[in-house]
Amino acid sequence: PLGRTKTSPAISDYVSKIGLAIYSCSNYPFGFFNAYGNPVRKDSVDYVIHLGDYIYEYANGDYGWGQSIDRVPLPDRTIYTLYDYRKRIATYRTDLDLLASHQNFPWIPVWDDHEVADNTYRDGEADLNNTESSFVQDGG
């Protein structure tokens, strides 16, 4: 789909104001993303900042029940692999308001733990103990 973008002002440009939309913690099965669409319909911001947790890696039912509103995140399991993350992001991007926001505004993303794994740290993440056996058992 076609979209638009905007470059940042030059250091010498006079700017009286910059409109920002700021989001965080977007959980697909909790509900619709109409907050993403409102600035599009009003053409009211210049940039979107997302402060992290753009997606969650949980299976449906672990943190939100999407079946009642037809918003079950795919794949419907806790995600671990690159394929899983790509499929989950693709599922989120089926929301028309989120898609419209991406098409109309430049996004400034800040990564948080759920973009890669829950509560990641040097030696692993929250649900894995970072051993060869946990890698084989729990995901690639």
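Contact means heavy atoms within 4.5 Å. This is a predicted model: local features need pLDDT of at least 70, side-chain atom pairs count only at pLDDT 80 or more, and totals for chains, interfaces and linings use all residues. Residues are numbered from 1 along each chain as its sequence is written, and side-chain values use heavy atoms, with hydrogens and water left out.

**Exercise 1. Describe the chain as a whole.**

Step 1: Take the contacts between residues at least 6 apart in sequence; 70% of them join residues at least 24 apart.

Step 2: List the elements, which are DSSP runs: helices (H or I, at least four residues) and strands (E, at least two), numbered from the N terminus. The chain has four helices and three strands. Their order along the sequence is β-α-β-α-α-β-α.

**Exercise 2. Which members of the largest nonpolar core touch the most other members?**

Step 1: Define the core: buried Ala, Val, Leu, Ile, Met, Phe, Trp, Tyr and Cys residues joined through side-chain atoms within 4.5 Å. Buried means under 20% relative accessible area (1.4 Å probe, protein chains only).

Step 2: Name them. F33, Y36, V48, I55, Y92, L98 and W107 do so, in a core of 18 residues. Strand 1 (20–23), helix 1 (34–42), helix 2 (82–92) and helix 3 (96–104) each supply at least two core residues.

Step 3: Look at Y92. Leaving out residues up to four places away in sequence, Y92 touches F33, I55 and L98, among others.

Terms used: Buried < 20%, exposed > 50% of the residue type's maximum accessible area, 1.4 Å probe, protein only.
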